[in-house]
Amino acid sequence: MAQVFGTRNHDLLASCAIIDPGTGRRYYPAAPNRWTPVPAARRHNRWAVVSPGLREEAEGYPTALEPRLVPSILPREPDAQLGERHYSFAGQQGLDLQAPVLPSPVRVFSVKGVEITLALAARLGRLLRARGERQPPLLVFGSLREEPAYARRVIKAAADLGIGDQVRFLDGVPLASHRAADGAWRLDEVDLLALASATGGAVLFTPSVQDVETIGLGPALAALAGIPCAVTPYKAYDAFYRGALSDVRVRPDEEGISAAAEELLSLMTGRARRDPAVLSRLKSNHAALGGLFPVRPWLDLLQDLSSQSGPLPGGESPGGPGIPQTRRQAG
């Protein structure tokens with residue numbers, strides 16, 4: 001049977017500089033050692049990496065198996081109109097859909113910079129309040145249980161900023177929207193982006209360190225939904241997106257956060273009033289996705305695996321007609 005070894009953050013070592021707060025040491029070595037498993041060059045093995053930076057790193061690993069660049073596939077575009085599940089979810093969460101919804105597609109994990117997102121959301125809220133507008137709900141995708149000590153700091157920061165009642169921690173986001181066993185709706189990232197798009201919101205993506213993200217999909221998700229994105233500096237943003245996206249850059253200090261909030265609000269209001277320059281900027285972001293996240297490498301990989309494994313049950317090839325029907329889209 002063919003096997004695919006997928007590599008993201010912690011599977012490639014140099015690109016995951018997460019530090020143990022107790023010891024100040026890296027969780028992972030900077031390069032493989034004799035105890036590190038690496039994929040072997042065997043007939044049925046394939047090694048897929050999602051960015052040129054990861055491929056360059058992986059090429060220096062002690063194996064003859066060559067890494068293959070297979071960029072992530074983005075989800076389908078959000079629906080233009082909200083449906084019953086969106087309104088039900090908003091009711092469950094106590095969201096004011098007359099205010100701009102702000103998705104933050106990150107885990108509640110220290111390197112993800114949730115505290116920066118909170119500060120930016122609070123500043124944006126103050127700007128809206130000064131204009132007599134409603135406060136924006138912030139939807140943080142991750143779980144408070146992943147890193148409890150950091151989660152406690154995040155909750156305290158939200159309270160200190162006066163936005164504790166505006167923040168929702170979603171405890172993870174499912175691959176597909178569905179009703180849970182208790183009847184409550186759990187929305188996937190596409191439906192959460194739809195809420196942001198329909199309410200004039202924006203994506204907040206603010207890593208607190210520069211060398212952990214391997215791509216960082218927050219800016220791409222914003223571009224997919226046609227909404228603005230605020231993003232802090234991190235190395236993979238420049239290396240992967242290569243200037244193709246025009247986002248609000250956030251310097252993570254008080255002055256930088258204030259300036260970013262002003263710019264972000266300008267884009268949000270410009271989109272709402274159909275300002276041609278703002279719409280052109282967002283459309284250009286969307287158009288860039290096809291080159292950044294092509295589907296073809298995935299189709300080629302599936303065809304390759306199919307040639308090694310034989311046809312799927314029913315005789316259909318993994319690269320056949322079933323692929324477009326998944327509605328997974330790369331722009």
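The buried residues of helix α5 (189-199) are covered by elements that include α2, β4 (102-104), β5 (138-140), β9 and α6 (218-225). Contact here means heavy atoms within 4.5 Å. Helices (H or I, at least four residues) and strands (E, at least two) are DSSP runs, numbered from the N terminus. This is a predicted model: local features need pLDDT of at least 70, side-chain atom pairs count only at pLDDT 80 or more, and totals for chains, interfaces and linings use all residues. Residues are numbered from 1 along each chain as its sequence is written, and side-chain values use heavy atoms, with hydrogens and water left out.

**Helix α5**

Eight of the eleven residues of α5 are buried, so the helix is largely enclosed by the rest of the structure. Buried means under 20% relative accessible area, exposed over 50%, and partly exposed in between (1.4 Å probe, protein chains only). The buried residues are Val190, Asp191, Leu192, Leu193, Ala194, Leu195, Ala196 and Thr199. At the helix start, a side-chain oxygen of Asp188 comes to within 3.2 Å of the backbone nitrogen of Val190. Gly200 follows α5 and has a positive phi, near 80 degrees.

**Packing against α2**

Helix α2 (residues 84-93) packs on α5 at an angle of about 80 degrees, with the axes 11 Å apart. Axes are lines fitted to C-alpha atoms, for helices over the stretch in contact; angles run from 0 to 180 degrees between N-to-C directions. The two helices are therefore roughly perpendicular, a term for angles of 65 to 115 degrees. From α2, the contact uses Arg85, His86 and Phe89; from α5, it uses Asp191, Leu192, Ala194 and Leu195. These residues divide into four nonpolar, one polar and two charged.

**The β9-β10-β11 sheet**

β9 also belongs to an open sheet of three strands, ordered β9-β10-β11 with parallel pairing. Strands pair if DSSP finds at least two bridges between them. β9 (203-205) and β11 (248-249) are the edge strands, each with a single partner, so one side of each has no neighbour in the sheet. Three bridges join β9 to the parallel strand β10 (residues 229-231). Val203 stands opposite Cys229 in β10.

**Arg46**

Arg46 is found in strand β2 (residues 45-49). Its relative accessibility is 13%, so Arg46 counts as buried. Its side chain has these partners:

| Partner of the Arg46 side chain | Distance |
|---|---|
| Asp304, side chain | 2.6 Å |

A polar contact is a pair of N or O atoms within 3.5 Å; within protein, one must be able to donate a hydrogen and the other to accept it, and residues adjacent in sequence count only if both atoms are side-chain atoms.

Terms used. Angles under 35 degrees count as roughly parallel, over 145 as roughly antiparallel, 65 to 115 as roughly perpendicular and the rest as oblique. Ala, Val, Leu, Ile, Met, Phe, Trp, Tyr, Cys and Pro count as nonpolar, Asp, Glu, Lys and Arg as charged, and the others, Gly among them, as polar.
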